[in-house]
There are 2 protein chains.
Amino acid sequence: MTADTISLLLGHPDPTTLLTPELQAAVESLMSANAYRILQYGPEQGTQGLIAYLVDKLNREQGMAIAPGNVMIVAGSTHACDMIGRLYTKPGGVVIVEAPSYADSIHIFRDHHVELCSVPMDQDGMIVTELERLLARLDSESKKPDLLYTIPTFHNPTGITLSHERRLAIIQLAQRYGFLIVEDDVYRDLAFESGVPANFYALAHGQGVLSINSFSKTLAPGLRLGWLVGSESDIQRFVDCGTTQMGGGANPFTANIVAEYCRNGHWEPHVAGLQTLYKQRRDVVIEALSKYMPQGVRWTHPAGGFFIWLYLPDNVFAQDVKRLAHERKVLVAAGNGFYINPADGNHNLRLAFSFARPDDIEAGVHILGQVIRELQAGG
Amino acid sequence: MTADTISLLLGHPDPTTLLTPELQAAVESLMSANAYRILQYGPEQGTQGLIAYLVDKLNREQGMAIAPGNVMIVAGSTHACDMIGRLYTKPGGVVIVEAPSYADSIHIFRDHHVELCSVPMDQDGMIVTELERLLARLDSESKKPDLLYTIPTFHNPTGITLSHERRLAIIQLAQRYGFLIVEDDVYRDLAFESGVPANFYALAHGQGVLSINSFSKTLAPGLRLGWLVGSESDIQRFVDCGTTQMGGGANPFTANIVAEYCRNGHWEPHVAGLQTLYKQRRDVVIEALSKYMPQGVRWTHPAGGFFIWLYLPDNVFAQDVKRLAHERKVLVAAGNGFYINPADGNHNLRLAFSFARPDDIEAGVHILGQVIRELQAGG
């Protein structure tokens with residue numbers, strides 16, 4: 001990527017937000033005090049100070065009623081997804097995902113040899129009647145899904161939020177058909193307006209739900225830290241597995257830094273600043289789309305997170321847009337990778353508005369608009 | 001663990017070696033310079049500066065001829081073992097390990113639903129004729145092992161080193177029967193004398209071997225860092241897998257700290273100091289065993305690493321020793337967990353001499369000797 005490339009490609013946080021004096025102070029204070037302790041193997045469940053902070057925060061903000069035994073520190077949501085794939089699926093078992101879903105999670109589940117099924121979405125998220133239809137079909141084939149993986153809030157790649165009513169309906173289906181709900185909620189804290197639906201874990205009173213979250217989007221991905229909420233027996237299962245027993249708790253060094261930073265009260269105002277920053281970028285991308293996109297192109301209206309999703313006209317293919325835009329130094333993701341059946345994403349693009357500066361977002365969308373017009377004219 | 005407990009239980013490095021002024025300086029220098037960069041997602045293969053350092057060191061010291069494309073930075077050997085389990089075994093496939101082997105690696109392979117087979121060891125490591133016999137049996141059942149997992153140097157739990165000749169013979173068998181050799185070589189740098197056999201990767205000229213190593217034993221486990229050496233196509237397979245694509249390179253923050261520390265020339269003298277320290281402890285444990293153990297107890301003579309392995313008389317059970325020693329505040333590992341068939345370790349103990357201070361090692365072995373005498377008398 002050259003310096004004049006505009007990247008709307010990846011879900012990377014704004015680089016200027018990563019290094020703050022407060023984070024620097026947390027590192028310095030830990031290195032000068034008990035650093036030998038945080039350089040050793042850590043407790044399997046994770047750094048206790050960080051768990052205690054999260055329990056307090058989640059109970060206070062998200063209507064949860066959890067205890068330290070319900071939380072495990074993980075090395076980012078990747079670590080959580082992978083452990084869940086390893087411990088909660090059987091080879092050949094069924095995992096249900098949204099269509100579209102996060103390409104890399106799909107990839108992780110594939111690496112665990114499962115069968116993937118998907119449920120289409122509309123503007124309110126996963127369509128429950130379609131999920132019911134899928135469950136009935138699987139049931140008629142005597143297949144019980146191992147789990148449903150969903151990104152309910154500010155969904156990757158679409159930016160859509162699953163409605164409160166649908167969450168309740170999905171919990172009922174999970175109880176009826178006996179599958180686990182895995183919610184990947186890493187964008188939840190990046191809300192641009194109030195009224196975000198409660199998470200699955202809170203709505204289901206902690207029954208049959210694993211809830212994944214991360215510091216990657218709201219603090220710094222390079223620290224490789226996140227957390228997983230589940231029932232005490234689920235958390236114990238993660239604590240008891242081979243990788244946890246061998247490596248100890250996730251990233252003790254950075255977990256202690258983040259615990260120090262959070263307990264000193266720095267994370268919550270930082271997140272508030274990010275909400276303002278990314279909301280402004282969401283507004284920039286939507287204004288630019290309104291200005292530069294030809295007739296026939298539609299897009300979602302994300303109320304938080306990093307992504308917006310484009311629907312292209314039937315005669316414009318995402319791979320062509322991606323290629324031509326790349327030639328003009330604008331990077332975007334074609335929709336194909338986000339579907340189990342890649343052809344389903346032939347006419348979709350994902351734009352990340354988290355990484356590029358506002359001027360670049362506008363310039364990038366301008367170029368995308370030109371490319372799409374040219375492809376429409378030529379098509 | 002109370003303050004007066006003596007732990008000979010875990011393979012933890014001496015806590016007083018973890019925090020050094022040089023490591024502290026590396027952290028400070030990075031936090032004040034380009035820290036925003038090391039807080040972002042890192043390159044999938046790992047921090048380039050650390051890879052470059054390792055390539056140079058391994059080629060210089062271990063007779064290897066590797067390029068940067070042969071190395072991946074991992075989040076400790078745990079991460080490497082788990083990726084190998086995920087990508088290089090099939091559910092129901094066969095993994096061969098030593099008897100005994102590292103309990104937590106066995107656990108990781110079990111989590112990947114493989115069938116485990118083991119090969120007995122003598123004072124020169126895995127017995128090659130026994131390996132041949134196993135391979136012939138598997139072959140007669142039309143089973144091809146996915147891989148052989150070995151800890152060839154200063155083995156965990158026994159401290160034994162696999163001889164040069166046997167390494168060559170095992171490479172020939174791997175080529176004949178078509179299985180991958182995975183060497184977990186995390187204790188290699190902690191040699192107490194010269195003449196450590198070359199590693200499998202060097203001996204096999206990089207063909208059909210994955211070599212795992214770690215900073216956990218020779219720098220600090222809390223940083224969660226290690227490296228994996230393999231063919232370019234093997235490394236590419238790890239780079240392309242779901243977890244790497246989702247999470248980016250392993251621990252960019254700590255990898256950059258360690259790269260800075262190593263490139264400033266601090267790691268190699270640090271390791272030399274550890275060799276002296278742990279050699280002294282090995283001497284202390286052996287002297288104490290000679291002094292306090294009753295007739296009929298034997299032990300290995302490790303030339304490096306963290307562990308020594310005891311063979312108890314037939315009428316003394318390791319679980320009883322462990323329990324009674326625990327009552328007297330000495331912690332040791334019973335042999336059972338290190339075997340696929342736990343009963344095979346009924347009369348073995350593993351003592352770690354890495355963590356406790358020399359006086360405590362001597363006091364702990366004294367108590368163990370008393371416990372074993374009492375059990376012998378009672379049995």
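Predicted model: local features only at pLDDT ≥ 70, side-chain atom pairs only at ≥ 80, totals over all residues.
Student: What makes the pair Asp283(B) and Arg282(B) a salt bridge?

Tutor: Good place to start! The closest N and O atoms of Asp283(B) and Arg282(B) are 2.9 Å apart. Residues are numbered from 1 along each chain as its sequence is written, chains are lettered from A and ligands numbered from 1 in the order in which they are written, and side-chain values use heavy atoms, leaving out hydrogens and water.

Student: Why is Arg282(B) called buried?

Tutor: Its relative accessibility is 3%. Buried means under 20% relative accessible area, exposed over 50%, and partly exposed in between (1.4 Å probe, protein chains only), so Arg282(B) is buried. Asp283(B), at 35%, counts as partly exposed.

Student: How do you know that Glu115(A) and Lys143(A) tie together separate parts of chain A?

Tutor: Their side chains meet in a salt bridge at 3.1 Å, N to O. Glu115(A) lies in strand E4 and Lys143(A) in the loop between helix H6 and strand E6, so the pair links parts 28 residues apart in sequence. Helices (H or I, at least four residues) and strands (E, at least two) are DSSP runs, numbered from the N terminus.

Student: Which salt bridge joins Arg86(A) to chain B?

Tutor: Arg86(A) pairs with Asp82(B), with the closest N and O atoms 3.2 Å apart.

Notes
Salt bridge = Lys/Arg side-chain N within 4 Å of Asp/Glu carboxyl O.
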